[in-house]
Amino acid sequence: MREQALIASGALALAWWLDTRFGEPRNAWHPVAWLGACLTPLGRPLAGWSPVPAFVGGAALWLATVCLVGLTAAWLQRQLLALPTWAGLPLLALALKPAFAWRMLRDEVTAVEAAFTSGLPAARERLSRLCSRDVSVLDATAVRETAIETLAENLNDSLVAPLVAFALGGLPGAWIWRAVNTMDAMWGYRGRWEWAGKWAARADDLLAWAPARLAALLLWHPRIKLSRLRREAQRTPSPNGGWPMAAMALRLDVHLGKPGVYVLHADGEAAQSGHVAAALRVAHKAAALALLLAMITVLAMGGRWS
């Protein structure tokens, strides 16, 4: 068991290096893209059903997907851990890597700021790849605010949460989190998906509860009062997204917000180019610390989930 914990911890480190060096694989080789391609035709009819059947159908499809993904990952993990270390460790790292996406997030936020050299329209266009907001109405300050918010919120969804899931549940935990987050991204909206996606949205909220607060603590600084962080985090409609966003706003002393919905740290400065660069530095330190904590947790558990 101890040897398997060492392999899992080493796989974490190698998966991080693979992400840092190569980023995301092409969609043709990406399990998340495969999952989305399979779920799209299965989930599409649900949006047109009446509330009760849509809710039941959405919940059933969610449960079936989670079970299939979890069982597949558990089987694969058993096979990989049974291999010699020289083969099992790198293959486990390859299987884990698609569960998180730190380099892509960092590069996309960096690209938004870089696009300002070509003007505000170019920055808006680049930002549209990161969020679902109407970017056409955003000025330069709001574009930077949104980029910083997206970086903070997705630090949890794209890195901290899958690392926590792997540390506590191995490859099945990491893959299940990625499936849960993907289904929320596909169906967890109001409007026509209100009932079909409600289970997916609430499940994502539940499973992200602890990681989101951990992400906030990783972004936290001792000068920030925890009571202030809690108050600011509660200003957002999301029960989780406000925590890392509020921590980032207070850490940078910058106000962040979604027009007409909420403002975080309203007495902070307006977001400028330097704030985006600072947010990236702070987030990178938090990401590295999250990796370290995940590796320590795997070793402390001694491979009990293997």
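Reader: How much of the protein counts as buried?
Author: Of its 306 residues, 51% do; buried means under 20% relative accessible area, exposed over 50%, and partly exposed in between, with a 1.4 Å probe and protein chains only. Keep in mind that this is a predicted model, where local features need pLDDT of at least 70, side-chain atom pairs count only at pLDDT 80 or more, and totals for chains, interfaces and linings use all residues. Residues are numbered from 1 along each chain as its sequence is written, and side-chain values use heavy atoms, with hydrogens and water left out.

Reader: ok, and how many helices and strands are there?
Author: The protein has 11 helices and 2 strands. These are DSSP runs numbered from the N terminus: helices are H or I with at least four residues, strands are E with at least two. In sequence order the pattern is α-α-α-α-α-α-α-α-α-α-β-β-α.

Reader: Take α1 then. Which of its residues are buried?
Author: Among them are Ile7, Leu12, Trp16, Leu18 and Asp19. The buried residues of α1 pack against α3 (51–81), α4 (85–96), α5 (102–115), α7 (140–187) and α11 (273–301), where contact means heavy atoms within 4.5 Å.

Reader: What happens just after α1?
Author: Gly23 takes a positive phi there, about 70 degrees.

Reader: Switching to α3 and α8, at what angle do the axes cross?
Author: Roughly 50 degrees, and the axes come within 7 Å. Axes are lines fitted to C-alpha atoms, for helices over the stretch in contact, and angles run from 0 to 180 degrees between N-to-C directions. The two helices are therefore oblique to each other: under 35 degrees counts as roughly parallel, over 145 as roughly antiparallel, 65 to 115 as roughly perpendicular, and the rest as oblique.

Reader: Which residues meet there?
Author: Phe55, Ala59, Trp62 and Leu63 in α3 meet Lys198, Trp199, Ala200 and Ala203 in α8. By class, that contact has 7 nonpolar, no polar and 1 charged residues. Ala, Val, Leu, Ile, Met, Phe, Trp, Tyr, Cys and Pro count as nonpolar, Asp, Glu, Lys and Arg as charged, and the others, Gly among them, as polar.

Reader: Last one, Val254: buried or exposed?
Author: Val254 is buried, at a relative accessible area of 0%. This residue lies in the loop between α10 (242–252) and β1 (256–258). Leaving aside residues up to four places away in sequence, Val254 touches several others, including Leu264, His265 and His275.
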